[in-house]
Amino acid sequence: MTLTLTFWGTRGSVPAPGASTAYFGGNTPCVELRTGTNALLILDAGTGIRHLGRSLLERANGKPIVADIILSHAHWDHIQGIPFFAPLYAAGHEFTFRSVPGALVGLEQALRAQMTTSVFPVTFDALQAQVRFRALNEVERGDGYALKTVALRHPGGATGYRISDGNSGAPALVYISDNELGHHDGYSSAPGWRNELVSFARDASLLVHDAMYTADEYERHRGWGHSRYEDVVDLALDAGVQRLVLYHHHPERSDAAVSEQIAACQKRASDRGARLEILAAAEGTTFTV
Ligand SMILES: [Zn+2]
Ligand SMILES: [Zn+2]
């Protein structure tokens, strides 16, 4: 049994379409995850979910689409695709928005607020598909998967996920979008937070992690809730993951600059004597875990 994930949006903060971002992609975060039993989980709902919606409708060929939409948090770049997710406008499909219990009410408020007529012509209540909101258990067992959560360091809070095959518990995908690994006094994390995060990601087959800033950029954006490349590589090495996928690319980072960062990250890993496969999330690419 395997998990299969496809990136539909890889860009952080704001869509960044154009010739210089065409390869890694300009849409904000969205990942399609299929379990070994072909259940559908959607991780985050940035503008990438618009293309996913069209693809799902084509593949469904008239049959109902059922999915859990698991959100890391309600920041704009993680929910702004929802009003453009076509399956929500057709009766017969079923979507359940999922989040940790403490974030669910705020999440529903944010989704409704971005579909009020002052900012968008169609209201959330006018959606034709069946829509639910349901809190995630600390360990959630669903159709072909088991999922655990971890609190991240991000203004307003965000949640990371470890998702594994439902029976074996391995191999695992760890999805951490919007997380600041560097030091900042603004977070109330317990002193051992980093060790806990290393344990959370331990031996993952694939770690997808926020990689927003270079070291120089980071010094101007400390406390904004994102990580510099060096810290992400160190986390992956300390956790012994097999593959690291850089994610939530800075909107100003060109394809050439992302490629340069991959090379710099690989050098950092090899300087530490480690063998770690490092890639960057690109729209349309699929990984099996
Ligand atoms: Zn974000
Ligand atoms: Zn955020």
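Q: How many helices and strands are there in the protein?
A: This predicted model has 7 helices and 14 strands.

Q: What makes the radius of gyration agree with that of a compact globule?
A: A compact globule of 289 residues would have a radius of gyration near 19 Å, and the protein has 18 Å, so the two agree. The C-alpha atoms fill a box of roughly 55 × 45 × 35 Å along the principal axes.

Q: What share of the residues of the protein count as buried?
A: Of the 289 residues, 55% count as buried. The cut-off for that word is under 20% relative accessible area. The accessible surface comes to about 12,300 Å². Carbon and sulfur atoms hold 51% of that surface.

Q: What share of the contacts in the protein join residues at least 24 apart?
A: The count takes contacts between residues at least 6 apart in sequence. Of these, 70% join residues at least 24 apart.

Q: How many positive and negative side chains does the protein have, and how far apart do the centres of the two sets lie?
A: There are 25 positive and 31 negative side chains. The centres of the two sets lie 4 Å apart.

Q: How do you know that the reach of helix H1 is close to the expected one?
A: H1 covers residues 48–60, which is 13 residues. From first C-alpha to last, H1 reaches 18 Å. The expected value at 1.5 Å a residue is 18 Å, and the reach is close to it.

Q: Which residues of H1 are buried, and what do they pack against?
A: The buried residues are Gly48, Ile49, Leu52, Gly53, Ser55, Leu56 and Ala60. They pack against strands S1 (4–9), S2 (30–34) and S3 (40–43). Just after H1, Asn61 takes a positive phi of about 50°.

Q: Why is Asp44 called buried?
A: Asp44 has a relative accessible area of 0%. Buried means under 20%, so Asp44 is buried. The residue sits in the loop between S3 and H1.

Q: Why does Asp203 count as exposed?
A: The relative accessibility of Asp203 is 52%. Exposed means over 50%, so Asp203 counts as exposed. Asp203 lies in the loop between helix H4 (193–201) and strand S11 (206–210). Phi of Asp203 is near 60°, again positive in a residue other than glycine.

Q: What makes Asn179 buried?
A: Its relative accessible area is 1%, and the cut-off is under 20%, so Asn179 is buried. Asn179 is placed in the loop between strand S10 (172–176) and H4. Leaving aside neighbours within four places in sequence, Asn179 is in contact with several residues, among them Leu152, His154, His209, Asp210 and His226.

Q: Why is His184 called partly exposed?
A: His184 has 29% relative accessibility. That value falls between the 20% and 50% cut-offs, so His184 counts as partly exposed. Like Asn179, which is in the loop between S10 and H4, His184 lies in that loop. Beyond its neighbours within four places in sequence, His184 is in contact with Arg153, Arg222 and Gly223. His184 and Ala129 are 55 residues apart in sequence, and their C-alpha atoms are 42 Å apart in space.

Q: How do you know that H6 is largely enclosed by the rest of the structure?
A: In H6, 9 of the 11 residues are buried, so the helix is largely enclosed. Those buried residues include Tyr229, Asp231, Val232, Leu235 and Ala239. The buried residues pack against H4, S11, strand S12 (243–247), helix H7 (255–271) and strand S13 (277–280). Just after H6, Gly240 takes a positive phi of about 65°.

Q: What makes Asp238 partly exposed?
A: Asp238 lies in H6, residues 229–239. Its relative accessible area is 29%, between the 20% and 50% cut-offs, so Asp238 is partly exposed. Leaving aside neighbours within four places in sequence, Asp238 is in contact with Arg194, Val198, Arg202 and Arg272. The C-alpha atoms of Asp238 and Arg202 are separated by 8.1 Å. Along the chain, these two residues are 36 apart.

Technical notes. Residues numbered from 1 in each chain as written. Chains lettered and ligands numbered in written order. Predicted model: local features only at pLDDT ≥ 70, side-chain atom pairs only at ≥ 80, totals over all residues. Heavy atoms only, no water. Helix = DSSP H or I, 4+ residues; strand = E, 2+ residues; numbered from the N terminus. Rg over C-alpha atoms; globule rule 2.2 N^0.38 Å. Buried < 20%, exposed > 50% of the residue type's maximum accessible area, 1.4 Å probe, protein only. Contact = heavy atoms within 4.5 Å. Areas by Shrake-Rupley, 256 points an atom, 1.4 Å probe, with all protein chains shown as cover. Lys, Arg positive; Asp, Glu negative; His and termini not counted. Charge placed at Lys NZ, Arg CZ, Asp CG, Glu CD. Expected span 1.5 Å × (residues − 1).
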